[in-house]
Amino acid sequence: MRWRRVWSRRRRRGGVSTVAVLGVAFKPNTNDIREAPALDIIAVLQEAGLTVRAHDPAAMEAAAKVLSRVDWCHSAYDAVRGAGVTVLITEWNGYRALDLKKVSELMDGNMFIDLRNVFTASDVEGSGLVYQSVGRSPTRDMIRETRLRYAWEPPP
C-alpha cells in the first residue's frame, strides 16, 4: 500500500515521528467506531513506526478497546502538541472551531491533512500550516512544500 511506503520512508529519513489524529468515530455525534476509517489509518501509521496521539469527543473509550499504543488526549490541542503531522478524520463541530494558528504553534511540524474538507484554503491561510485536503487543488503552500521536499529527497 502506498501510504505504508510513504510513511515508512519519511520515518527512516528522520522526518515525522508523531502524528495527531483528530476524530476516530465513523461520523460525528456518535461513539460508534464500526468500520471507522480511523482504525485502518492509525494501524498503517503505527506499522510505519509512528507514534499516534489521538482525540475524539465521544469515541475514545470504544476505540481504546480495539487500538493499542495510541496516546489518547483530553483535547484536540493536547493531541496536536509535538506532532509533525495532524490528520483530521471525523468532522466534529469542535474541530471546525479550532484556532489553526494555535494548532500550528503547538505542532513540531506544519502539515495538516483534512480528510473531510472541514476547512478551506482561505481558513488555513496565514496560520503557518501546510494544508492538504481531499479532492481539491493543492494550496500554494503545499505546492511550495512539495517542491522543497523533492529538492532534497531522491525520487522513490
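Which strand is H55 found in? H55 is found in strand β2, and that residue is where this set of close-ups of a predicted model begins.

**View 1**
H55 is a buried residue, at 8% relative accessibility. Its side chain makes a polar contact with that of Y95, at 2.7 Å. Leaving aside residues up to four places away in sequence, H55 touches V21, L22, G23, V24, M60, C73, H74, S75, A76, A79 and Y95. So Y95 turns up both as a polar partner and in the list of residues that H55 touches, with DSSP placing H55 in β2.

**View 2. The largest nonpolar core, with 45 residues.**
Nonpolar side chains tend to be buried together in soluble globular proteins. Here, the members that touch the most others are V19, V21, L22, F112 and F119. Two or more residues each come from β1 (18-22), α2 (37-47), β2 (51-55), α4 (76-80), β4 (85-88), α6 (100-106), β5 (111-114) and β6 (130-133). Among these, β1 gives the most, with four residues.

**View 3. Helix α2 and the residue G49.**
Take a look at which residues of α2 are tucked away: A38, I42, V44, L45 and Q46 are the buried ones. Residues three or four places apart on an α-helix point the same way, because there are 3.6 residues a turn. After α2 comes G49, and its phi is positive, near 85°.

**View 4. F112 and the aromatic cluster it forms with F119 and Y131.**
The whole structure holds two aromatic pairs. In one, F112 and F119 are edge-to-face, because their ring centres are 5.8 Å apart with the planes at 75°, and planes over 60 degrees apart count that way. Both of these residues are buried. In the other pair, F112 and Y131 are stacked, with 6.3 Å from centre to centre and 25° between the planes. That pair links distant parts of the chain, F112 in strand β5 and Y131 in strand β6, 19 residues apart. F112 has a relative accessible area of 0%, and Y131 is buried as well, at 2%. Not counting residues up to four places away in sequence, F112 touches T86, L88, L100, V103, F119, L129, V130, Y131 and Q132.

**View 5. The three salt bridges.**
Side chains of opposite charge can pair when their charged atoms come close. R34 and D32 meet at 2.5 Å, N to O; R34 is exposed at 62% relative accessibility, whereas D32 is buried at 15%. D78 and R81 meet at 3.0 Å, N to O, and here each partner is partly exposed, D78 at 25% and R81 at 42%. The remaining bridge joins E91 and R116 at 3.4 Å, N to O. This one links distant parts of the chain: E91 sits in the loop between β4 and α5 (93-96), R116 in the loop between β5 and α7 (121-124), 25 residues apart. E91 is partly exposed at 22%, and R116 is partly exposed at 35%.

**View 6. A charge over a ring, with K102 and Y77.**
K102 lies over the face of Y77, and the distance from the ring centre is 4.2 Å.

How values were computed: Residues numbered from 1 in each chain as written. Predicted model: local features only at pLDDT ≥ 70, side-chain atom pairs only at ≥ 80, totals over all residues. Heavy atoms only, no water. Core = buried A, V, L, I, M, F, W, Y, C linked by side-chain atoms within 4.5 Å. Buried < 20%, exposed > 50% of the residue type's maximum accessible area, 1.4 Å probe, protein only. Contact = heavy atoms within 4.5 Å. Salt bridge = Lys/Arg side-chain N within 4 Å of Asp/Glu carboxyl O. Polar contact = N/O pair within 3.5 Å; in protein donor to acceptor, adjacent residues only side chain to side chain. Phe/Tyr/Trp six-rings, centres within 6.5 Å; stacked < 30°, edge-to-face > 60°. Lys NZ or Arg CZ within 6 Å of the ring centre and 35° of its normal.
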